Amino acid sequence: MPVRPALDTAREKWYKKDRRERSGPVKRYENMMEGFVEEVLDIMGDSLGCCMCEQCRNDVAAHALNQLPPRYVVSHMGGAISKADTMRIQHLTDVRTAVLQAAQVVKEHPRH
Ligand SMILES: [Zn+2]
């Protein structure tokens, strides 16, 4: 399972946010679970046996995130990245389980 791409994506997201919000105070906190859920969705994708259209994918992500404890970190250049790496490993099993359960719910009750 690839480790680096997810972390690079998380870091890119922070930098993009910084640029977008330059006019006001910069929001540097983020629920790392969101990135983990997206990553698991990317990896498991079709194997979830659930429709993966935009609506269903977002429903699965939201459902999974509501089952998972939020894990906020303050991004400080490299600092939060190693922390994210540790958290990612700690929570990967929980995230997978939550995504699987969420996919089951969405499969049974699709909103389209
Ligand atoms: Zn769908």
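User: Helices (H or I, at least four residues) and strands (E, at least two) are DSSP runs, numbered from the N terminus. How many helices and strands does the chain have?

Analyst: The chain has four helices and two strands. Along the sequence they follow the pattern α-β-α-α-β-α. This is a predicted model, in which local features need pLDDT of at least 70 and side-chain atom pairs count only at pLDDT 80 or more, while totals for chains, interfaces and linings use all residues. Residues are numbered from 1 along each chain as its sequence is written.

User: What share of the residues counts as buried?

Analyst: Of the 112 residues, 27% are buried. A residue is buried if 20 or more other C-beta atoms lie within 10 Å of its own, exposed if 12 or fewer, and partly exposed in between, with C-beta atoms placed from the backbone.

User: And what share of contacts with a separation of 6 or more comes from residues 24 or more positions apart?

Analyst: Those pairs make up 80% of the contacts with a separation of 6 or more. Two residues are in contact if their C-beta atoms, placed from the backbone, lie within 7 Å.

User: Which residues have the most contacts inside the largest nonpolar core?

Analyst: They are Val 37, Val 60, Ala 64, Val 99, Ala 102 and Ala 103, in a core of 19 residues. A nonpolar core is a set of buried Ala, Val, Leu, Ile, Met, Phe, Trp, Tyr and Cys residues joined through C-beta atoms within 7 Å. Helix 2, helix 3 and helix 4 (79–108) each give two or more residues to this core. Helix 4 gives the most, with seven residues.

User: What is Val 60 in contact with?

Analyst: Beyond its neighbours within four places in sequence, Val 60 is in contact with Leu 41, Cys 50, Val 99, Ala 102, Ala 103 and Val 106.

User: Switching to helix packing. At what angle do helix 2 and helix 3 pack?

Analyst: About 135°, for helix 2 (residues 32–44) and helix 3 (residues 54–67), and their axes are 10 Å apart. Axes are lines fitted to C-alpha atoms, for helices over the stretch in contact, and angles run from 0 to 180 degrees between N-to-C directions.

User: Why call helix 2 and helix 3 oblique?

Analyst: Because angles under 35 degrees count as roughly parallel, over 145 as roughly antiparallel, 65 to 115 as roughly perpendicular and the rest as oblique. Helix 2 and helix 3 are therefore oblique to each other.

User: Which residues meet there?

Analyst: From helix 2, Met 33, Glu 34, Val 37, Glu 38 and Leu 41; from helix 3, Arg 57, Val 60, Ala 61, Ala 64 and Leu 65. The contact has seven nonpolar, no polar and three charged residues. Ala, Val, Leu, Ile, Met, Phe, Trp, Tyr, Cys and Pro count as nonpolar, Asp, Glu, Lys and Arg as charged, and the others, Gly among them, as polar.

User: Now helix 4. Is Ala 84 buried or exposed?

Analyst: Ala 84, in helix 4, is buried, because 21 C-beta neighbours lie inside 10 Å. Its C-alpha atom is 9.8 Å from that of Gly 35, 49 residues apart along the chain.

User: And how does Leu 92 count?

Analyst: Leu 92 is also found in helix 4. With 14 C-beta neighbours inside 10 Å, Leu 92 counts as partly exposed.

User: Last one: where is Lys 27?

Analyst: Lys 27 sits in the loop between helix 1 (4–20) and strand 1 (29–31). Lys 27 is partly exposed, because 13 other C-beta atoms lie within 10 Å. C-alpha to C-alpha, Lys 27 is 8.7 Å from Val 74, and the two are 47 residues apart in sequence.
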